[in-house]
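Please examine the sequence and the three-dimensional structure shown here.

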Amino acid sequence: MDAKKYHKKYTKKRIHTKAYYKKRVLKRKHVRAYRRTSRDVGASFHTVTADYVEASGRCSCSLHGDYREHQSRFRNYCPFCGRHGTLRYEEGSTCPEGMWFCSRCDADFCLVHGKSHTSRSRYLLR
């Protein structure tokens, strides 16, 4: 009878360690996949003129379900401060995909949709 109790405890413990091992493997694969995509996710090209800003890059506001490159073009006008010609391109550790920012009021916008990165969501004009 003691042997049966020992056998049941041993099998339960073994099943638990297998499940834990599988979770660790899935977690490692996820981290490896993220490292692969996060190396170079910035805009492939961007143009800033006095009249418009244009770029080809990935979405940073998550309105697109995919993570592919899209091309967009907006007027160089900030809807927050109401000034023309103040938008610039920025890429860094806070937004590796790249974003438009206003050099006057420091408002941040998505590269693809032109949506602001604030709770008061305003959009750049096309």
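Which residue of β2 does His 46 stand opposite? The residue opposite His 46 is Ala 55 in β2. The model in which this pair is found is a predicted one.

This pair belongs to an open sheet of 3 strands, arranged in the order β1-β2-β3 with antiparallel pairing. Its edge strands are β1, residues 45–48, and β3, residues 70–75, and each of them pairs on one side only. From one strand to the next, the twist averages 10°.

Consider the two pairings in turn. Between β1 and β2 the sense is antiparallel, and the pairing extends over 4 bridges. A hairpin leads from β1 to β2 by way of 3 residues. Two of the partners can be located by name: Val 53 has Phe 74 in β3 as its bridge partner, and Ala 55 has Ser 72 in β3.

Is β2 largely enclosed or left open by the rest of the structure? Of its 6 residues, 5 are buried, so β2 is largely enclosed by the rest of the structure.

The view may now be widened to the whole chain. It contains 1 helix and 6 strands. Read from the N terminus, these elements follow one another as α-β-β-β-β-β-β. The chain has 126 residues, and 28% of them count as buried. Its accessible surface amounts to about 9400 Å², and carbon and sulfur atoms account for 51% of that area. Among contacts with a separation of 6 or more, 46% are between residues 24 or more positions apart.

The cysteines require a separate step of reasoning. A disulfide is a covalent bond between the sulfur atoms of two cysteines. The cut-off applied to such a pair is that the sulfur atoms lie within 2.5 Å. How many disulfides does the count come to by this rule? The count comes to 0 disulfides.

Cys 59 itself counts as buried because its relative accessibility is 8%. For Cys 105, the closest cysteine sulfur is in Cys 78, again at 3.6 Å and therefore too far for a bond. Cys 105 is partly exposed, with a relative accessible area of 33%, whereas Cys 78 is buried, with a value of 0%.

Cys 78 deserves a further look. This residue is situated in the loop between β3 and β4, the latter being residues 87–90. Apart from neighbours within four places in sequence, Cys 78 is in contact with Arg 83, Thr 86, Cys 102, Cys 105 and Phe 109. Cys 105 is therefore a contact of Cys 78, although their sulfur atoms are too far apart for a bond. Finally, Cys 78 and Asp 106 are 28 residues apart along the chain, and their C-alpha atoms are separated by 9.8 Å.

Key:
Residues numbered from 1 in each chain as written. Predicted model: local features only at pLDDT ≥ 70, side-chain atom pairs only at ≥ 80, totals over all residues. Heavy atoms only, no water. Pairing = 2+ DSSP bridges. Axes fitted to C-alpha atoms, helices over the stretch in contact; angles between N-to-C directions. Buried < 20%, exposed > 50% of the residue type's maximum accessible area, 1.4 Å probe, protein only. Contact = heavy atoms within 4.5 Å. Areas by Shrake-Rupley, 256 points an atom, 1.4 Å probe, with all protein chains shown as cover.
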